[in-house]
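Good morning, and thank you for coming.

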Amino acid sequence: MRRSAASKKKSDSITTSTTDLFRSASSKATTKEMDRIDHLFNQYANISSNLIDPEGIEELCSNLEVSHTDIRILMLAWKMKAEKQGYFTQEEWRRGLKALRADTINKLKKALPELEKEVRRQSNFADFYAYAFRYCLTEEKQKSIDIETICQLLDIVMGSTFRAQVDYFVEYLKIQNDYKVINMDQWMGFYRFCNEISFPEMTEYNPELAWPLVLDSFVEWISEKEA
Amino acid sequence: MVFGRIDRPIIFWEDGSSIIDESVTKLKRILEGKPETAFVTEQYMKNYTTIYDMCTQKPPENYSDQLYNKFRGIFEEYAKQTVLPSIMEKHDEYMLREFSQRWDINKIMVKWLSHFFFYLDRFYTARANLPNLNKAGMTCFRDHVYESIHFNAKQVIIALIHKEREDQQIDRALLKNVLDLFVQNGMESMDRYENDFEKFFLEETTSYYSRKASSWIQADTCPEYMIKAEESLKKEKERVTHYLHSDTEPKLIKGVQDVLLVSVAKDLLEMEDSGCSALLRDDKTDDLARMYRLYHAIPKGLEPVSEAFRLHVTSEGNTLIRQAEDKATNNNVVEQDVIRRIIDLHHKYMVYVTECFQNHTLFYKALKQAFEIFCNKKVAGISSAELLAMFCDNFFKKSLNDKSNDESTIESTIENVVKLLDYISDKDHFAEFYRKKLARRLLLDRNFNDEHERTILTKLKAQFGGQFTSKMEGMLTDMQLAKEHHSGFDTYIGNSGKPKGMDFTVTVLTTGFWPSYKTSDLNLPLEMVSCIESFKAYYETKTKHRKLMLIYSLGNCHLNGRFDSKPIELIVSTYQAAVLCAFNNTERLTYQELLEQLNLGHEDLARVLHSLSCSKYKILNKEPATKTISKTDSFEFNSKFTDKLRRIRVPLPPIDDRRRVVEDVDNDRRYAIDACLVRIMKSRKVFSHQQLVSECIEQLSRMFKPDIKVIKKRIEDLIGREFLERDTENPNTYKYVA
């Protein structure tokens with residue numbers, strides 16, 4: 001770790017010894033923190049790959065006392081900027097936990113509500129929402145996600161805030177035949193839909209605007225159901 | 001005597017005044033037609049000189065003021081004492097006449113006395129800022145006669161006009177004079193005429209025609225009403241020329257139109273059994289022309305008429321389509337004369353537009369909208385685009401054989417086709433069906449009229465652009481070039497010294513111009529193989545780097561069938577020939593054997609065998625002798641076959657590729673939409689969703705009407721392929737991704 005160099009750079013011999021002490025104390029603290037973070041990492045990581053794999057994540061979840069399909073795990077991944085679903089690299093782990101100032105399981109557990117608040121802030125949620133989609137892309141050139149996964153993802157990500165829309169949309173996706181996959185544009189479209197259109201009235205919805213076609217069909221399906 | 005000037009004695013007021021009075025009395029008598037001698041020059045001069053002197057004398061004997069007042073006094077007194085009473089003691093027409101005559105008299109009197117008092121006008125009236133003599137005299141009449149009379153006069157005039165409207169004779173000249181009087185009494189302006197007469201006249205006219213309209217609309221049919229309305233308007237116009245002032249005309253006509261036509265428009269035009277729709281239904285062109293004339297001048301007056309026209313034409317067209325649909329269900333064949341009938345319908349109603357409706361744009365538009373509705377309907381599942389292409393195909397085939405079709409009929413039919421195509425939105429379907437049928441005409445029928453084919457393409461190109469016809473033109477050019485190759489090949493064979501063998505031609509087609517054809521790797525009879533090889537060799541000498549792909553499915557063969565009773569020449573397709581030639585070596589073959597030997601697909605083989613064993617000409621015997629081909633059948637050469645002709649054509653019906661054509665066109669449309677969207681975004685860089693969609697539709701409208709949902713899907717696809725992206729600020733806007 002190069003961090004020691006960072007904290008030691010330009011150590012001026014003229015500076016007071018207290019600041020010096022302080023610096024070395026904090027750097028020691030940081031080092032200690034990082035050590036504990038790394039130690040925590042090793043508890044869950046797979047020894048040969050040096051990654052936390054799905055097994056490790058499951059264990060982590062049970063220790064955190066959340067289900068592995070809980071949105072908070074996804075939020076944690078977001079905070080870590082984790083790239084591959086089901087895996088955390090050491091760097092990602094360090095990044096996330098450092099940002100959360102959590103170096104023990106308990107601290108991590110305690111940090112989760114705060115994290116959730118942060119993510120749910122208007123300014124962050126759209127980014128999180130898009131992240132959730134990307135996170136599920138497993139293949140290299142993959143651009144869309146199959147319907148079943150989408151339905152699960154929707155439930156996790158939007159279920160608590162937009163229950164009705166998610167339920168209806170999931171039902172629609174399951175019975176329709178036009179789409180086998182959903183792409184990013186359609187995914188984001190749904191987010192916009194939930195935020196901008198009143199449900200179930202949907203009076204503001206105008207299919208002549210640039211809503212993705214899948215949503216046009218969805219709205220049409222609902223109106224037919226109501227009729 | 002007191003001498004004022006060297007020449008003449010002074011004229012004092014009393015003397016001068018009495019001289020004038022004398023002349024005035026005399027004048028009055030003359031003007032009133034009483035016995036009186038005319039003025040002689042001396043008297044005239046005397047009057048003039050008297051006044052001249054009285055004006056030029058030095059004060060206090062300068063009597064200009066008094067003379068002016070006297071002048072006015074003369075008229076005032078005459079008006080009050082004589083003129084007005086004489087008018088007022090009379091009534092009606094007599095009163096008018098008196099009024100008119102008194103006016104004429106007044107005019108003359110003013111003229112004469114102005115001559116006498118002339119000198120006043122030279123300096124006095126201007127200097128004293130007073131109205132000149134003429135004006136003063138006229139004003140007197142106006143103030144003392146006209147003002148008291150005009151109301152009654154107006155009543156009488158209007159009563160007389162009413163009489164005339166009720167078809168009674170009246171004295172028009174009198175009215176003209178009196179109304180002229182009204183005008184002139186306005187001095188410089190028209191306001192006397194307008195306020196004292198015209199206003200009331202227009203009101204009266206309105207209520208008169210309003211009553212008429214109410215009674216006519218109850219009792220008359222629409223044509224009858226219109227005739228009366230037209231007649232009334234005509235009469236009112238004449239009235240203006242006879243005695244009204246020309247300024248009244250526009251107001252009068254508008255007033256009459258408003259009550260006779262505007263306020264009753266709905267009742268009139270929608271009148272049951274005789275209104276607009278009924279007239280159209282019964283082809284009453286004269287009445288419709290009248291309706292046009294009447295409503296043309298009224299703003300928005302023609303709209304209900306053009307709407308009725310549009311509905312009528314639409315319903316006529318829909319009826320045609322329905323009839324064709326019914327016939328098709330009964331006969332199982334779609335009659336192509338539906339196209340002929342649509343053309344006739346178009347012609348019929350175009351005449352309406354040009355003649356009844358004077359080429360008015362509203363009616364062109366109505367006709368267009370009507371045709372666009374029913375011309376895009378299907379008949380028994382076949383689109384109009386395809387029907388039109390079939391129509392052209394049949395027409396061209398017939399015109400080859402039927403020499404009675406002269407050039408102008410052909411020309412006009414072609415023009416009608418182009419016109420009709422304009423109404424069809426799926427023009428690209430037409431192009432594709434037409435192209436396929438053109439290919440068959442050129443390749444299979446051989447006998448085609450190059451000139452006619454080019455004529456229609458030229459017209460289509462002019463109307464719809466070069467892109468529409470470029471492939472088809474290429475096809476025709478190919479046929480011309482093919483001829484060159486035919487002779488070239490013959491020369492080549494001749495020069496090669498090899499025996500000619502079979503009579504054999506190859507037509508080279510440029511891929512891309514022609515529809516795509518499936519071909520199979522047919523195992524040709526040996527005799528044909530060497531021909532193919534020699535042509536390939538020849539072609540190599542002509543061009544390099546070209547690949548020849550042989551399409552046997554389009555070939556033709558002439559075979560000699562050696563039947564028992566007599567040999568018959570069979571004109572068959574290459575596939576059929578291959579099958580028949582297989583029997584040269586074996587008496588009997590099974591379906592499977594044929595399949596393997598020839599390397600044809602099931603669908604093709606079944607078709608071919610059907611045409612040879614289950615159709616009109618049974619060249620082969622099939623066992624079992626059922627009506628359809630099955631994979632377990634076996635076949636034998638039918639040596640007993642014969643026909644009264646020495647040469648017969650055994651047709652191989654083409655595969656019904658209608659669905660394929662539609663699919664191909666729909667695919668092309670997707671590419672066209674993609675290309676269009678990218679083109680638009682490339683130039684616009686940033687564009688809103690609605691703008692993009694509408695511009696796309698606009699640009700493609702020449703060839704087809706794109707479905708909005710399809711466009712949306714293509715946009716999403718382009719977003720996925722990263723040609724476009726949504727604007728992060730405004731998700732309803734797209735940005736071009738370079």
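I shall speak about the interface, then one serine, and then some features of the backbone.

This is a predicted model, in which local features need pLDDT of at least 70 and side-chain atom pairs count only at pLDDT 80 or more, while totals for chains, interfaces and linings use all residues. Residues are numbered from 1 along each chain as its sequence is written, chains are lettered from A and ligands numbered from 1 in the order in which they are written, and side-chain values use heavy atoms, with hydrogens and water left out.

Let us begin with the interface. The size of an interface is often given as the accessible area lost when the parts come together. Here, chain B and chain A bury about 1200 Å² between them, of which 48% is on carbon and sulfur atoms; this is the accessible area (1.4 Å probe) that the two parts lose on being put together, summed over both. In contact, meaning heavy atoms within 4.5 Å, are 13 residues of chain B and 14 residues of chain A.

How many salt bridges are there between chain B and chain A? The count is 4, where a salt bridge is a side-chain nitrogen of Lys or Arg within 4 Å of a carboxyl oxygen of Asp or Glu. One of the pairs in a salt bridge is B:Arg726 and A:Asp185, at 2.6 Å from N to O. On the side of chain B that touches chain A, α27 (689-700) and α28 (708-720) each supply at least two residues. The largest share, 6 residues, comes from α28(B). Helices are DSSP runs of H or I of at least four residues, strands are runs of E of at least two, and both are numbered from the N terminus.

I turn now to B:Ser114, in helix α4 (residues 92-116) of chain B. Is B:Ser114 buried or exposed? It is buried, because its relative accessible area is 11%; buried means under 20%, exposed over 50%, and partly exposed in between (1.4 Å probe, protein chains only). Leaving aside residues up to four places away in sequence, B:Ser114 touches B:Phe71, B:Leu133 and B:Asn134.

Finally, the backbone. A cis peptide bond joins A:Phe199 and A:Pro200, with omega about 10 degrees. A:Pro200 is in the loop between α10 (184-196) and α11 (213-226) of chain A. B:Glu722 is not a glycine, yet has a positive phi of about 65 degrees. B:Glu722 lies in the loop between α28 and β8 (724-726) of chain B, and is exposed, at 52% relative accessible area.
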